[in-house]
Each structure stands twice: as structure tokens, then as C-alpha cells.
Amino acid sequence: MAVNRLSGSDLHGASEWGSESLACGRDAATAWDRAEVGVTPDEHERGCPHCAAAFADARRLDSVVHRMSNADVEPPPSVMDRVMAAVRTDLRPHDLLALDSPHGPARLSRPAAAAVLRNVVDRMGGVRARSCRIEQLDGRDDADVTITVTARFGVDLASVTARVRQMVLAAGEQALGVPVRRVDIDVVDVFDSSVDGAGGGAGGGAGGGKDGRR
Amino acid sequence: MTHGTPPVRLHVGDTAVARIAAQRACRVPGVVALRADLAQALLGIADAVLGQERTLRTDGVKAAVNGDSAEVTVTVVTRLGHNCRDVARAVQREVADEIARHTGLQVQVSVTVADILLD
């Protein structure tokens with residue numbers, strides 16, 4: 001901005017301390033104030049590049065300030081999801097399973113893996129998964145799975161457990177890439193097929209809670 | 001300097017490596033998204049609110065360059081139906097190759113599959 005301090009020989013705006021004159025001699029603060037209150041520029045101000053610049057500066061600041069103060073502060077819709085996902089990731093940074101890889105360290109979130117196993121078991125007929133725990137011995141890639149299930153009333157429990165076992169073994173290898181060494185199945189309850197069985201029954205059962213249902 | 005080509009010393013920064021890794025990891029089949037940690041998520045939100053959406057993101061990637069080698073950590077989200085082990089191996093292989101091609105650095109890539117979408 002073209003602002004000069006005309007020390008001593010200031011003819012126009014000598015009244016206030018610190019007043020700054022434009023190159024044309026007009027006072028910068030006066031021009032600014034006139035622009036701010038919305039006065040129509042006089043003939044000099046219209047033609048003078050310095051005064052016009054001061055007017056433009058004032059209007060620009062005014063528009064910025066008002067635009068920002070009037071704008072509703074609204075977080076983008078994904079903010080909550082992003083924060084919660086990050087919090088979940090940071091909360092249990094060491095709750096990870098090792099994946100076998102020739103290229104370096106590879107890991108898999110244990111809660112995510114448990115959710116997959118519960119999901120595939122839930123999709124089977126006649127059985128619902130409750131909790132699922134996956135344990136890996138240090139330095140080994142294969143895992144022991146403990147899963148608690150509820151079975152539909154009247155279903156043969158021996159064949160249900162055999163199917164669940166097969167499903168867990170297959171899902172571990174195909175979906176997770178974690179070979180399953182042993183599957184422990186705990187049938188903690190039965191549910192009536194006329195009622196939605198997923199939430200039925202009492203208590204969390206053995207091993208419930210740690211990797212509880214999402 | 002007296003004859004031949006003058007010696008050139010090239011140093012590639014951590015952020016450059018991280019951006020290359022993030023770009024490549026996103027395009028690996030089975031990778032749905034990269035998962036930012038808490039600090040990166042908050043910084044990303046700050047940028048979004050301030051209207052400075054960056055074109056190249058490093059969310060979910062940490063990189064550290066030591067001399068002519070680098071260590072890169074990538075955190076990814078995949079979807080049920082892709083084998084997590086195979087996705088992790090592919091990310092390691094592809095990211096290491098891409099960084100080596102761009103920078104000449106030897107890279108060790110660590111991958112964490114942070115989540116598996118079930119839908």
C-alpha cells in the first residue's frame with residue numbers, strides 16, 4: 001500500500017498522532033473510515049489510485065471479517081467417523097496378530113479378525129456367534145480360536161460344532177490368512193427360531209466381553 | 001569437479017517417501033483406505049476446516065529415511081473377501097518397489113491391517 005510518512009511537513013492530517021498520509025496527501029485512516037461506513041467516494045477518491053487502494057483494502061477486510069463471522073461453523077460430515085476410527089486404532093495399538101510375510105513385518109488387528117470370524121459364523125444357519133478370541137503364541141503365525149455360540153433350539157449340537165469348526169478353519173485361512181491350529185467351541189445357549197436369536201439368552205457366557213460384539 | 005560429472009548428493013525427505021508410499025498403497029487391490037492415526041486425523045480435520053485440502057496425503061503412512069535405506073509403516077483397511085495376508089504382502093511388495101523406483105532407497109515396509117469392512 002502506498003503510504004508515506006511526511007514527517008514535519010504534513011499539511012492535512014497533522015491532528016492525530018500516528019496518522020499516515022497517502023502519497024496524494026489525504027489521510028489513510030480517514031479514507032479507510034469513509035470506506036468502512038459506506039460513504040460514496042468523492043471525486044478525488046474516485047480518480048486517485050492511492051485513495052482507491054485504501055477504499056479497496058477497507059472493503060476487502062470488511063468482507064472477509066463479515067463472511068467469516070456469519071459463516072456457520074459446521075464440521076464436515078466425516079469428522080466424527082475419522083476421529084473415532086483413529087481413536088480406535090490408537091487405543092489398542094498392540095492388539096495385533098502376526099501375518100506371515102516374506103517382505104517384512106505384517107500385522108492384523110485382532111478385534112477386526114475376531115469380527116470377521118463372528119460374521120462368517122453368524123451367516124451360517126442355526127447358529128449365532130457370541131464372542132471370539134484369537135490367540136497366537138509368540139513367534140508363530142498360526143492361532144488358537146475360542147468362539148462361543150448359541151444354537152437354534154432343536155439343532156443337533158454335534159453337527160453344529162463340526163460345521164462351525166470347519167467354517168472357522170476355512171475363514172482363518174481364506175479370509176484372514178491366519179492358519180488356525182485349534183478351535184474351541186463353547187455352546188453357551190440355545191435360542192428359539194421364532195425369536196431373533198442374536199441377542200437372546202442370558203449372560204455373556206464364557207470368554208465374553210474381551211472381544212465383545214461391536 | 002575437475003573432470004567428468006560433478007558429484008551430486010541426493011537426499012530424499014521422510015515426507016516425500018511417505019507420500020509416494022501412500023499413493024501406491026491406495027492403489028493395491030483389496031486396500032479400501034489408509035487409516036490415519038489420531039494425530040494425522042486431527043491434522044486432516046484442521047486442514048479441511050481451514051479449507052486447505054491437500055492433494056497428496058500421507059494419512060496412514062509413516063516413513064523414516066536413514067542414509068540410503070528407509071523404513072515405512074503403512075496402516076490399511078481392507079474388505080471381507082480379500083485375504084488379509086495377501087493384501088499385506090502385496091502392499092509391502094508394491095510400496096517397496098515404487099519407492100525404490102522413485103528414490104533408489106532400499107525400503108523395509110511394515111503393514112498393519114487395522115480393519116476389515118464386513119459389508
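Biologist: Which residue in the turn of the hairpin formed by strand 2 and strand 3 of chain B has a positive phi?

Modeller: This is a predicted model, in which local features need pLDDT of at least 70, side-chain atom pairs count only at pLDDT 80 or more, and totals for chains, interfaces and linings use all residues. Residues are numbered from 1 along each chain as its sequence is written, chains are lettered from A and ligands numbered from 1 in the order in which they are written, and side-chain values use heavy atoms, leaving out hydrogens and water. Strands (E, at least two residues) and helices (H or I, at least four) are DSSP runs, numbered from the N terminus. In chain B, strands 2 and 3 form a hairpin with two residues between them, and the turn residue with a positive phi, about 60°, is G67(B).

Biologist: Over how many bridges do strand 2 and strand 3 of chain B pair?

Modeller: Two strands pair if DSSP finds at least two bridges between them. One bridge here is that of K62(B), whose partner in strand 3 of chain B is T73(B). Strand 2 (residues 61-66) and strand 3 of chain B are antiparallel, and the number of bridges is six.

Biologist: Is S110(B) buried or exposed?

Modeller: S110(B) lies in strand 4 (residues 106-117) of chain B. Buried means under 20% relative accessible area, exposed over 50%, and partly exposed in between, with a 1.4 Å probe and protein chains only. The relative accessibility of S110(B) is 11%, so this residue counts as buried.

Biologist: Which residues of chain A does S110(B) touch?

Modeller: A contact requires heavy atoms within 4.5 Å. Residues up to four places away in sequence are not counted, and within chain B the list includes V72(B), T73(B), V74(B) and Q92(B). From chain A, S110(B) touches P105(A) and R107(A).

Biologist: In strand 7 of chain A, which residue is the bridge partner of T150(A)?

Modeller: Strand 6 (residues 143-152) and strand 7 (residues 180-191) of chain A pair in the parallel sense over 10 bridges. Together with helix 6 (residues 157-176) of chain A, these strands make a right-handed β-α-β unit. The partner of T150(A) in strand 7 of chain A is D189(A).

Key: Right-handed = clockwise from strand over helix to strand, strands pointing away.
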